[in-house]
Amino acid sequence: MWFIMGTVVGIVILGLFWLIKRNNLSLTWYEWVIGIAGFALMLLTVQNFIGSFLEYEPRAAYMFLLVTGLPSLVLLGVAWQLAARRVKKA
Amino acid sequence: MVKSHSTLNRRDFMKALGFVGAGVGALSAGSPVFKDLDEMASAGSSNKRAWWIKEVDTPTIEIDWDMLKRHDATTIPQVAYASFVGKDVAAAQGAKQKADRKQWIAEDKSGYTLRDYALFDAAAYGWQAGFSHDFLGDTTVTPYGMGSPSDLGLPAWNGSPEETTAMIRQAFRFLGTGTISIVELNENNRKLVYGVDWDGKAIVFENVEKAYETDKKRVIPEKCRYAVVFSMPMSEEMNKRAPTLLGDATTALSYSLSTLFQIRAQRFFRMLGYQGLGSFTYVNNTSINPALAVISGMGEQGRLGQCVFPEYGTMARLGSVITDLPLVPDKPIDSGVWNFCKTCKLCASHCPSGALNPDDVPSWDVKYSGNHPGKKVYHCDGMNCRGYWYDLTSLCSICVASCVFAKKNKAGIHDIIKATTAVTPAFNSFFRTMDQAFGYKYSNRDPESWWDINGEPMFGIDSRY
């Protein structure tokens, strides 16, 4: 599981830097903070979602989607919208 | 074409240097640093544990060593129940237990079917019957063996306590235990060895060379100054099915494996030229193993009256062997468990017999004559607990199964929570509430569903630790 998680993290980070470079984007410090927090929460969700199923605890798995997964999506969405609207304005 | 020169450009070189630097940094962060050769030699003598398990000078519970006396094992429920409630009452309860179990097997009651009973009985082999073990250890010379060093005219093992402790950890792990810790049997810690054993024999320390046993007493030589405590993990998945014969099966297997391990540990000491003294039956006579485990930092005292391990939670049983082999003792720990137990109370609220103590603060006052006075804890009413086993026809274990620390280790959140509780008790109540909200309830499984699980680990135990 940790190998898969590491691979996914690597791909996401590479993809992010590729996107930033391709579109010549520059993110503000708070966009970085919100984005990294959202990404970390997303990782926590994925690891514990899979881990909980491996522990035969399906209710815990779904609770992780709700309690940490949903906020992670919100944070990632906020970071994306902040950056997108700022670029659009400029 | 053979390239005789490196084609690495400056950018790639700097990138590679970065990776190498990060790698070296990560390795050095995870590797031990030795200040001198002595420190290096003793490196393996201590447990390698998570950073949040802090060694402390005294256990997290308060102990009054003047009040604490060597305990009489004939007062504990396993031994004294019949005389406590009356022999006729106990006999009637025993007869009812057998009749109930027979009926439940016949009815195919979930958790008490014939296959559950067969599994429990097979797992229990070696625990209550089957393996021949005793206080002094088995001295048989096997067909492939040669005897102890003295039989061969050879000197006994000679190593520094640090080297020897590292060797013991390595050997015992191989021989099949979970974790080990070492207690020095000084004047105080000797009070954690029973004064009277389960069968009524006195356990005494005498200034003799060799341990011996008579009809009246078991004698530990003064020079046997160390006890090696060992844990035997249990299957959380099975114990979650308590109170049933399936829940019991993992308890029984753990004790059975512990018995076998005790025999092997005693032989290991003997073949090194030293003495290994253990329980004469089961694995929990001779010494109060949870107390030894707490004093040597294997775990912390829990509300339920057992040692709670940072690694296994409540999912392990204990044994110990006393030896004259010089070793390095371990210190007690603070991993936040005792603090957590003060606010959690899940075990006490789930205890159907009311044996466990739900008070807010621990107390020096005992609940009944079998309690061991001298420690400020949540004393349990062991007779109530023992009596309830008859109603269930099983070993209950609900308190063990309901503990929040009794978790598997696949979801990373458990380590985060354990580390947080070790650092601060501020979130203990929140974590307890979330534990139940997330559905980690001991009773959240149909007992018979265990038979349909694929890929359970050997003995049902995750051997990560």
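Visitor: How do helix H4 and helix H12 of chain B sit, and at what angle do they cross?
Guide: In this predicted model, the axes of H4 (residues 87–107) and H12 (residues 382–392) of chain B come within 7 Å and cross at roughly 35°. Axes are lines fitted to C-alpha atoms, for helices over the stretch in contact, with angles from 0 to 180 degrees between N-to-C directions. Helices here are DSSP runs (H or I, at least four residues) and strands likewise (E, at least two), numbered from the N terminus.

Visitor: Which residues meet there?
Guide: From H4(B), B:Ala90, B:Gln93, B:Gly94, B:Gln97 and B:Trp104 meet B:Gly387, B:Trp389, B:Tyr390, B:Asp391 and B:Leu392 of H12(B). Contact means heavy atoms within 4.5 Å. By class, the residues of this contact are five nonpolar, four polar and one charged. Ala, Val, Leu, Ile, Met, Phe, Trp, Tyr, Cys and Pro count as nonpolar, Asp, Glu, Lys and Arg as charged, and the others, Gly among them, as polar.

Visitor: And H3 against H4, what is the crossing angle?
Guide: Roughly 115°, with the axes of H3 (residues 77–85) of chain B and H4(B) coming within 5 Å. B:Tyr81, B:Ala82 and B:Val85 of H3(B) meet B:Lys87, B:Val89, B:Ala90 and B:Gln93 of H4(B). That contact has five nonpolar, one polar and one charged residues.

Visitor: Where is B:Asp108, and what is its phi?
Guide: B:Asp108 is in the loop between H4 and helix H5 (114–124) of chain B. Its phi is positive, about 60°, although B:Asp108 is not a glycine. Most residues other than glycine have a negative phi, and most peptide bonds are trans.

Visitor: On peptide bonds, which residues does the cis one join?
Guide: B:Ala242 and B:Pro243, with omega about 0°. B:Pro243 is in the loop between H7 and helix H8 (245–271) of chain B.

Visitor: Changing topic: how many residues of each chain are in contact across the interface?
Guide: 22 residues of chain B and 15 residues of chain A. The buried area is about 1400 Å², 56% of it from carbon and sulfur atoms. Buried area is the accessible area (1.4 Å probe) that two parts lose on being put together, summed over both.

Visitor: How many salt bridges cross it?
Guide: Two, by the rule, which asks for a side-chain nitrogen of Lys or Arg within 4 Å of a carboxyl oxygen of Asp or Glu. One of them pairs B:Lys240 with A:Glu57, N to O 3.1 Å. The pair runs from the loop between H7 and H8 of chain B to the loop between helix H2 (29–54) and helix H3 (58–89) of chain A. Over all chains, the whole structure has 26 salt bridges.

Visitor: Which helices of chain B each supply at least two residues to the side touching chain A?
Guide: H7 (236–239), H14 (413–423) and H15 (428–437). The residues on that side divide into eight nonpolar, seven polar and seven charged.

Visitor: What is in chain A, helices or strands?
Guide: Three helices and zero strands. The C-alpha atoms of chain A fill a box of roughly 50 × 25 × 15 Å along the principal axes.

Visitor: What about numbering and cut-offs for the model?
Guide: Residues are numbered from 1 along each chain as its sequence is written, and chains are lettered from A and ligands numbered from 1 in the order in which they are written. Local features need pLDDT of at least 70, side-chain atom pairs count only at pLDDT 80 or more, totals for chains, interfaces and linings use all residues, and side-chain values use heavy atoms, leaving out hydrogens and water.
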